[in-house]
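Thanks for coming. Please have a look at the sequence and the model on the screen, and then I will go through a few parts of it.

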Amino acid sequence: MTEVNTTTLPPALRRAVELLTDPPAEPDVSKGYLDVLGAWSDEEAASVKNTGMIQAMWSSPVVAKIYDTQQTVLRRLLRVLQPPTQWLNISPGGVVLDVGCGPASITGSLARAVGEDGLVLGVDLSEAMLARAVHGGWGPQVGFLRADAQRLPLRDDTVDAVVSIAVLQLIPDPAAALAEMARVLRPGGRLTVMVPTAGRAARLWRALPNGGAYVFGEDEIGDILEDHGFATVRTKNVGTFQWVRAKRG
């Protein structure tokens, strides 16, 4: 087993390293987050790289800066869109994974739910977004990983709850990302995802030129989760957004 040097890591990332499938011997946290993609070969990195106009815009430092400067408006919106932490049944001391965390706009509520003894890990592929996330002052129980949602770096059955808000539509293989969320979630753990949806018109939208965003059908996410052992799957459409909540059996 590789001996990992964690002496220079902040508390949350020190705990995160213990959960990794293949922890690096010398973790790279020079940018404030743990970069698990840096050690990948060019071929591996290319195989998971998100492509398309929307992904390129979202990864741009300019777009990230615009997002950051609009926090007052966005926080009001996110208060409506925040995942229901009570339904997720997050206990103090629990471990929560935020897949596609962006600049960590919902991290504060998750950090409060787990308390000082818990752990919240934000995962994102975009360096521009993570650069803003690490300066949020979320507390010692929060850490960030640069990783790909289609290939989460965590071991099986390591987290108590998973949240993914308005991200799955930007992932090249959203079904693979959902399978990964199921893999790392402990039995009895809960998941909440939110995506834009076109409902029954999804097939029509898919016929349009691809800008890089996936359009989900009404029951698509729920069906995928049931295939991966989730029970009590609940789907709710609110305008053009769809919330899906599920508990792993």
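Two strands pair if DSSP finds at least two bridges between them. Strands (E, at least two residues) and helices (H or I, at least four) are DSSP runs, numbered from the N terminus. This is a predicted model, so to speak of local features we need pLDDT of at least 70, side-chain atom pairs count only at pLDDT 80 or more, and totals for chains, interfaces and linings use all residues. Residues are numbered from 1 along each chain as its sequence is written, and side-chain values use heavy atoms, with hydrogens and water left out.

I start with strand S2, residues 95-99. Five of its five residues are buried, meaning under 20% relative accessible area with a 1.4 Å probe, protein chains only. Val95, Leu97 and Val99 point one way from S2, while Val96 and Asp98 point the other way. In a regular strand the side chains alternate between the two faces of the sheet.

Now the partners. S2 runs parallel to strand S3, residues 119-124, and five bridges join them. Asp98 has Gly122 as its bridge partner in S3. Between S2 and S3 the chain passes through helix H7, residues 107-114, in a right-handed β-α-β crossover: with the strands pointing away from the viewer, the path from the first strand over the helix to the second runs clockwise. S2 also pairs with strand S5, residues 159-165, in the parallel sense over three bridges. There, Val96 stands opposite Ala161.

Last, helix H9, residues 174-184, which holds Glu180. Why does Glu180 count as buried? Because its relative accessibility is 14%. Leaving aside neighbours within four places in sequence, Glu180 is in contact (heavy atoms within 4.5 Å) with Ala149, Gln150, Arg151 and Leu152.

Technical notes: Buried means under 20% relative accessible area, exposed over 50%, partly exposed in between (1.4 Å probe, protein chains only).
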